[in-house]
Amino acid sequence: PEFPGGVFGVSIMSRTHAKIHFLDGMAKTVFIDKETTASELVEVVAEKIELKTAIDCFNIFEVRGMTERALKPDEKPINVKTEWTTDAPGRFVFKRQFIMDPQEDIESDPVFMQLMFSQVQYDVLHGRLFVSLELAVQLAAMTMQLTYGDHSAKHVSGFLLKHLGEFVPVTYLSSKAKKPAEWEALILAEHAGLAGWTPNDCMLAYLKAVRALPYFGVTAFDAKYLSSGKRKIGEHVYVGVSSKGVHILNFPTMEANGFTSYNDILSWGSSPNSFAYSVNQNRSTFATAANVGAEICSLIHGYVMRIMAQLETAE
């Protein structure tokens, strides 16, 4: 959207463009200036794409290589951009950061549903949400129906082989649980039974299946135990953060292995390569990749602030 006199009343001459990427591969260009904050940029993007639902639960993420971080609400994206170089480029991604209600209504706002579908699909394909092999095939068939429509004579052996990464989670492809031709055969057979499904049917069914998983709504971070009572030092787990509290999930299946409500967490903190939280006299410490601990802390803080705001509104 265009604003008279520039974004938020600042001179047009001081503006620059920012390319905002989405998880479905699309992108939008918006204008920002040196005073534009991340939270203001979220509002600008939401207006541009006509998003009306849960806007305050979305954020701008800086992605550089294999790392990503959520911008702080008052952080200036224009300052973030100045740190990008040819050798270390970056980009801004618009996606959801907080899920207060995993079973919220997603059908009343088509833009919201599309964003949720794209993010859930991205997380499944990139191993951020574990799905069983059987469910992986079902979801791949839904994606095929959404992409190519009803099964036809051209959907034969070899049709998907070069594009399996767009349908099958990378964790399964890299583990070689099945050969590519076996994956393709399973997907084609499942896809044949979806004749007549519309794109909307596919997205809703995909979301329904994934939202039924017990760990949906949990943002999971790779970690290893450093200290935690009887836990095995070095054990690979996920530290998960949700609107309910902190979860410990088995790697890679995301089966529940521990949970602590925010009501019971006394404190939390991080160092450049670790995250820790305390319950009573017990302190759990985890090794993480660089700066991941800070991301976990920021997410916990954001959820706690939103919970407190909800309680104040209820009163």
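Met254 counts as buried, since its relative accessibility is 3%, and buried here means under 20% relative accessible area. In this predicted model, Met254 also has a positive phi of about 65°, although it is not a glycine. Its place is in the loop between strand 8 and strand 9. That loop, between strand 8 (245-250) and strand 9 (256-261), also contains Pro252, which is joined to Phe251 by a cis peptide bond with an omega of about 5°.

Asn280 is not a glycine, yet it has a positive phi of about 55°. It lies in the loop between strand 11 (274-279) and strand 12 (282-287). At a relative accessibility of 56%, Asn280 counts as exposed, whereas Met254, at 3%, counts as buried.

Along its principal axes, the C-alpha trace spans about 60 × 55 × 50 Å. Of the 315 residues, 43% count as buried. The chain exposes about 16,400 Å², of which carbon and sulfur atoms supply 55%. Among contacts between residues at least 6 apart in sequence, 56% join residues at least 24 apart.

Helix 3 (residues 110-125) can be followed from its start to the residue just after it. At its start, a side-chain oxygen of Asp109 reaches to within 3.1 Å of the backbone nitrogen of Val111. The 16 residues of helix 3 should span 22 Å at 1.5 Å a residue, and the end C-alpha atoms are 22 Å apart, in agreement with that expectation. Just after helix 3, Gly127 takes a positive phi of about 75°.

How enclosed is helix 3 by the rest of the structure? Twelve of its 16 residues are buried, so helix 3 is largely enclosed.

Helix 7 can be examined in the same way. Its 13 residues should span 18 Å at 1.5 Å a residue, which agrees with the 18 Å between its end C-alpha atoms. The buried residues of helix 7 are Cys202, Met203, Ala205, Tyr206, Leu207, Val210 and Arg211. These buried residues pack against helix 3 and helix 4.

The cysteines remain to be considered. A disulfide is a covalent bond between the sulfur atoms of two cysteines. The structure holds zero disulfides. Cys57 is in none, and the nearest cysteine sulfur, that of Cys297, is 20 Å away.

Note on methods. Residues numbered from 1 in each chain as written. Predicted model: local features only at pLDDT ≥ 70, side-chain atom pairs only at ≥ 80, totals over all residues. Heavy atoms only, no water. Helix = DSSP H or I, 4+ residues; strand = E, 2+ residues; numbered from the N terminus. Expected span 1.5 Å × (residues − 1). Buried < 20%, exposed > 50% of the residue type's maximum accessible area, 1.4 Å probe, protein only. Polar contact = N/O pair within 3.5 Å; in protein donor to acceptor, adjacent residues only side chain to side chain. Disulfide = S-S within 2.5 Å. Contact = heavy atoms within 4.5 Å. Areas by Shrake-Rupley, 256 points an atom, 1.4 Å probe, with all protein chains shown as cover.
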